[in-house]
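Q: Hey, I've just opened this one and have never looked at it before. Can you walk me through it?

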Amino acid sequence: MPLDQSFVGRTYPPTAPYEVGREKIREFAVAIGDANPAYTDPEAAKALGHPDVIAPPTFPFVITYQAAAQVVNDPELGLDFTRVVHGDQKFAYTRPVRAGDRLSVGVTIDSIKSLAGNDVLSVRGEVHDATGEHVVTSIMTLVARAADEAGE
C-alpha cells in the first residue's frame, strides 16, 4: 500500500543540539579519505578565513540522518524500514560547519511519490546553530522498495 500523501509537509521537532568537535571532524575526514588541512589544522583553517577547523561538505549527514529517523520511525507513516534504501543526498550551504558549532536539525517530509510500486520520500533537514543561524539544508531521498510477489 502506498504511503499516505497527507504526510507531505509534516514537520518534526528539532533534534537536541549536536556539538561539533575537532576530533569528530578529523575522524570524518580520515574516514572519507580527504586530507584537506582545513579539516584538521586550525591554523590552515584560519588562513582561509575560518575561526576554527571546518567539516567536509558531507559531514552534516551524521546528524541529518539521525534526525530523519523521526520520519522513518513515525508509526503513523507506516514506513517499513527493512525495505528502505538511501537513494540520494544533497546539501545546500549558508556557511561551513565549524568546530564548536552546536547544531540542531528540523525535519520535514517534502514529497512522497510512488514509482513502480516503490515509495520515494524526499526528506528535508534544516540545520541551524545555537543562535538560530541557518547553516545547511540537507535533502535526503529514501526509497522504500516494493514487496516482491511472494510478499517478501
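Q: Okay, how do β5 and β6 pair, parallel or antiparallel?
A: This is a predicted model, to begin with. In it, β5 and β6 pair in the antiparallel sense, over 10 bridges.

Q: Which residue in β6 stands opposite Leu121?
A: That's Leu142.

Q: And how many residues sit between the strands in that hairpin?
A: The hairpin of β5 and β6 has 5 residues between the strands. Gly132 there takes a positive phi near 95 degrees.

Q: What about β4 and β5, how many bridges join them?
A: 11 bridges, and these two strands run antiparallel as well. Across the pairing, Gly106 stands opposite Glu126 in β5. They make a hairpin too, with 2 residues between them. In that turn, Ala116 has a positive phi of about 55 degrees.

Q: Which residues of α3 are buried?
A: Ile63, Thr64, Ala67, Ala68, Val71 and Val72.

Q: And what covers them?
A: Strands are part of the answer: the cover includes β1, β2, β3, β4, β5 and β6.

Q: How about α1, which residues are buried there?
A: Ile25, Phe28 and Ala29 are buried in α1. They cover an arc of only 100 degrees around the axis, so they end up on the same side of α1.

Q: Why would residues three or four places apart point the same way?
A: Because an α-helix has 3.6 residues a turn.

Q: Which exposed residues are on the face of α1 turned away from the buried side?
A: Val30 and Ala31. On the buried side, what covers those residues includes α3.

Q: Now the core. How many residues are in the largest nonpolar one?
A: 37. The members that touch the most others are Ile25, Phe59, Val71, Leu77, Leu79 and Leu121. As for elements, α1, α3, β4, β5 and β6 each give two or more residues to this core.

Q: Pick Leu77 for me. What is Leu77 in contact with, leaving aside neighbours within four places in sequence?
A: Leu3, Phe7, Val71, Ile109, Ile112 and Leu121.

Q: Are Tyr18 and Phe59 buried or exposed?
A: Both Tyr18 and Phe59 are buried. Ring pairs also link Tyr18, Phe28 and Phe59 into a cluster. Phe28 is one of the buried residues of α1.

Q: Why does His50 count as buried?
A: Because its relative accessible area is 19%, and buried means under 20%. Leaving aside neighbours within four places in sequence, His50 is in contact with Ala45 and Pro96.

Conventions:
Residues numbered from 1 in each chain as written. Predicted model: local features only at pLDDT ≥ 70, side-chain atom pairs only at ≥ 80, totals over all residues. Heavy atoms only, no water. Buried < 20%, exposed > 50% of the residue type's maximum accessible area, 1.4 Å probe, protein only. Helix = DSSP H or I, 4+ residues; strand = E, 2+ residues; numbered from the N terminus. Contact = heavy atoms within 4.5 Å. Pairing = 2+ DSSP bridges. Core = buried A, V, L, I, M, F, W, Y, C linked by side-chain atoms within 4.5 Å. Arc of directions from axis to C-beta. Phe/Tyr/Trp six-rings, centres within 6.5 Å; stacked < 30°, edge-to-face > 60°.
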